[in-house]
Amino acid sequence: MSTNDLPATTVEVTCTINGDPVRLTLDPRESLLDVLRERLALTGTKKGCDQGHCGACTVHLGGRRVVSCLTPAVQAAGQDIHTIESVAGPDGGLHPLQQAFVDNDALQCGYCTPGQIMSGLACIAEGHMADDDQIREYLSGNVCRCGAYCGIVAAVRQVAGMTQEG
Amino acid sequence: MRVDAYEKVTGKALYGADRVLPGMAFAALALARTGRGRLISVDTSAAAAVPGVLAVETHFDLASPGFVMGGGFGFQSLQPMTDDHIAYRGQPIAIVVAETPVAATEAAEAITAEYEDEPTALHLDSEGATTLVQEEAIPLPFLADLKVGDADAVIDASPVTIEGTYEHPPQHAVPMELNGGVVHWDGDTLIVHEGTQNANALRFGLAQQLGIDAANIEVRSPYVGGGFGQKNSLLVHIGPLALVSKRLGRPVKLVLARTQTFHNGSFRPASRQRIRLGADETGKITAAVHEVDQQTSRHDLFPAMHTETSARLYGLSAYRGRQRLVQTDVQTPGYMRAPFESPSMFAFEQVVDELAYKVGRDPVELRLANDTDTDPISGLPFSTRYVADCLRRGAELFGWSGRNPEPRSMRADDGSLIGWGVAIGNYPCNTAATNATLTAGEDGRVTVAVDGHEMGQGIRSTIALHVAQDLGIPVGDVVVQVGDTTVGTQHLTAGSWGTASALPSVHSGLRELRKHLDVADTGDVEVAPAVAAVGHAVTVHADSVGPGQPADALAQSMTGHLAITGPEYPGFVTFSWIAHFVEVRVEPTTCRIRVPRVVSVADCGRVASPVTAASQVRGGVIWGIGAALREESMVDDRFGGFVNSTLEEYPVMVNADVHSIDVDFIDKPDYRYNPVGVKGLGEVSMVGAAAAVANAVHHATGRRHYRLPIRIEHVI
Amino acid sequence: MRPFAYAAPGSVDDAVAVLRDAVPGTKILAGGTTLYDLMKLGVEAPPAVVDVLRLPELAGITVTDSELVFGAGVRMADVSDHPVVRADYPALAESIWRAASQQLRNMATLGGNLLQRTRCGYFRGTDFACNKRNPGSGCAAIEGHDRHHALLGASSLCSATYAGDFAIALRAFDAVVDVVGPRGERPIALADLHVEPGEDPSREHVLDVDELIVRIRVPLTPAGRGSTYLKIRDRESYAFALASAAVGLVIDGQGVVTESRIALGGVATRPWRAVEAEQSLLGQPLTAESARRAGEIAFADARPGRTNRFRIELGIRTVADAVRTAGERAVR
């Protein structure tokens, strides 16, 4: 195999997105973010910089939180992807972390919120919630220009506490 | 509670660029790579050859939108791609439309241009920058220099005088939602989906630019991903987008790159503030002089209004303001959150702190001693002014009495220097003319369409709460429609007048609705039975203007223009007030400055929505800390534009920067200002916060800082 | 971004074969956080990329009798959460979790991270002259904003800072990288991996275009326990260093320093070892004065630009603080 022989234009990729199998013909330049938003209309995932500087586009890829703007969509091949659209229950019932965001007013304009929640879910799953300082550190990849940080930390702390008690 | 939180935490809230329409094409901009000059030629051949490219356009037949502060609709009067003049680096020179985002981007990058360069002036002191006396350059009454008594003579005669010159850098609002959106045509009707604080200006501005009837333009902006003033008017990309969409017969989406947003929207201009104070030996301030030089563009005069707030802060007998504008080679600057008031207070409240040290008086006590209930400029009473209560309550909550006033006297266990600083702030309470339409439905739900835009401040929640409380119905039974020109005018939402302007209309609409439902003027209402009794859904219209505002303001708003009044009203003057108490810790060796806790107490009249109000203040405080310690838009004189135009290099506050921020409110209504007693909050939240940080840094280190941001190199 | 061919070989052998026959300019893609980012900016425009992100041979962290061994494809986040690394090499763990954000650390591989390219704004902005991006075009940073630029190891052509953190800690511990190419496998000391800009700033490391990092080995040392990575930056997180220091110490029962390792980050054109500073600490008790003195020696040859002189003093203090922290942690 040589790169000389490769077609420069498209790559066939299969993956699952929010539990659904998806088959995509990709230009290898396409970011996962643009594919989610523009081709699959999963616009809950936001573009805030397109350079990996803000975290608004955070999704879970293979069980890990990543910024989808710097993820070439071709690297989603064979992977499970979860976006904000998969977090609430099928009946629309909120996940406890979503409810905690509501209860702690952990948002203002709401634009960074899907990324904050995807990041917060991963933060809890990773176990990076020993104290508020660790939560702050591990959520610092998600910029909130409105400044809802106090509420965001409170929301994650609340759910992390629940997880530990449970 | 926040009524749209469900949509926001589930990703269902649709922002401008979240529309994915059938047949949609994607646009990208190519930008000028010179700081100023003439465009000789643009080579689009490589771009046009990129597979998937549908159009490459370099010239548009578009009228100027006019500058929003000059009776127009645009963030600046200059519409790029209409002639060969390059006024600033980053000005668009071409727009590409393609089948896919990657093709559009590739093509835009392939565009090259030749320029005839001209020298640039980018700073207040740059050679070639032109300084104008504002009151001469813009001879409008509300921009005349403020003068009471002979301030200079009073200061000269005062036993204590203090003087300082403070430099404030340019800054960018960088809302998380990138500028951009989706435009499409339905026959002759242009539909624009774009996050904006001023759907009205987009509608009428595009009508003017395109030469079409505003009746044929719809602007939809139900959610704005942060505005902070940067989305307060028509931006330069929308007119071209509308034309290419029409030409192609397809919906077109354009999302500006983050870097492009630093040049294709407004920013907080650089300013220099010179303050002189005179006082007696007890620290009672006798007079103040506040002179400001503020950056503007070559093509527009962005008015400076720094002195409007400093003149009202204390009980002065004499005051002299002077504001000048310095024309530089930038896009037109604008209203970034607390646009003048934050820089103004950064200077003024540090001078007041210095005065406290000079006369040996506690900074809180000194401020209380200079309180007043009369506006020094007009001689009119303030409708409400509870800044003294803010100071007293804040001092109590913060534990201010435990402060040793001596700089460098307080240390933490780890050796960090502790500094405690205080500052107050104020913000004018303007009012916009607004319209509201209320509909009581057969299902018992009440729909309210009103002038306003939801950009995170919580206007939708505040209105829903007001209606729910008035009628005694669940908040969930109130539907609030804002930011949509198909349901209302959508006057500019900015300057902290949004809620205070919309609520009076809604309030008056509720009175009207009750009449039509044939129910009492107060008390709980069973809406569904009342509607059933009438036999059909009931719709009422109401409007409101500010105190003393002529009724034709409504007509002015309905043609897309600003229709605001204040803060001086017949018989009184209205401002919002705040006091910030800040603790900083300066690490002993590496001198990192941290802000472990802040207490802020605000007087914003009646608190209409406690949850969203507290969040707004926290946000404002974080902006203040960011202004004090982090944010500066950097200029490279050789190239023009702003060079740190990313969220990496323009360091906004991250989660780890933020610790405890306690917020409290005086919560006393101001019924002279409006019938709901609500004053503005979003901007005053930030005013004085940077000064409180700077005062705390002074207390910690013994050094006063005359330039922002205060970075590690300034304290090490 | 210009179109490119994409290959995702299934093994290291296949990857090497693809690279051997690749068109000139072909690049290796791993986590994408540098390469894909730079492709979006137009700084990199490879005609083809070879994706090695999920090669099974590049995975895994193992601890042997003599070494910590990291697969080059290990994600950064996995290092900072590894129990042995956290306990026995806090400097390694800290250099990771103080870098970027957790999202980026979940994406970026260790191999890719070592070869992370500079964050110089004039390099990343294609409008400007840059000898690194466009050899011979000049350097816009010299007369420009150089607040973040290198104080050590710069040349007249380039003073762009090496921005990575992990490599700084690895440098302190004498790590070795194993690389594989068409001519087989070879070890390269981390000390020899990166090169100073000199006359050719476009060359940043000694790997050939068809070579791939397969693993990183860190010799076991008791200085690992007595180590720290201190990173000073413009905000508390999610920012590149103004100055950083990786320090590892061993202190004997009498309180005398018997092993000393100091590497500097954010201040040099490559991961920087401060050998003379290390030696200044040996054979004597650790004091505030000796810690400060080590910092001064480390920056003795620093050459500031127009606006970054403060980072010499900051760097000295960073070393001093890191030495003190390492001393507190050191094996006794």
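Biologist: How many residues of domain 1 of chain B are in contact with domain 2 of chain B?

Modeller: Keep in mind that this is a predicted model. Here, 18 residues of domain 1 of chain B are in contact with 20 residues of domain 2 of chain B. The centres of these two domains, taken over C-alpha atoms, are 36 Å apart.

Biologist: What area is buried between the two domains?

Modeller: Read the total together with its atom make-up. About 1600 Å² is buried between domain 1 and domain 2 of chain B, and carbon and sulfur atoms give 59% of this area.

Biologist: And which side chains form the salt bridge between them?

Modeller: The count is one salt bridge. B:Asp329 and B:Arg36 meet through their side chains at 3.6 Å, N to O. On the domain 1 side, the classes are seven nonpolar, eight polar and three charged residues.

Biologist: Let's turn to the chains. How many residues of chain B are in contact with chain C?

Modeller: Chain B brings 29 residues and chain C brings 33. The buried area is about 2700 Å², with 52% from carbon and sulfur atoms. B:Thr589, B:Glu648 and B:Ile716 supply 20% of the area that chain B buries against chain C, more than any other three residues.

Biologist: How many salt bridges are there between chain B and chain C?

Modeller: The count is five. One joins the side chains of B:Arg89 and C:Asp127 at 2.9 Å, N to O.

Technical notes: Residues are numbered from 1 along each chain as its sequence is written. Chains are lettered from A and ligands numbered from 1 in the order in which they are written. This is a predicted model: local features need pLDDT of at least 70, side-chain atom pairs count only at pLDDT 80 or more; totals for chains, interfaces and linings use all residues. Side-chain values use heavy atoms; hydrogens and water are left out. Contact means heavy atoms within 4.5 Å. Buried area is the accessible area (1.4 Å probe) that two parts lose on being put together, summed over both. A salt bridge is a side-chain nitrogen of Lys or Arg within 4 Å of a carboxyl oxygen of Asp or Glu. Domain bounds come from an automatic or database domain assignment. Ala, Val, Leu, Ile, Met, Phe, Trp, Tyr, Cys and Pro count as nonpolar, Asp, Glu, Lys and Arg as charged, and the others, Gly among them, as polar.
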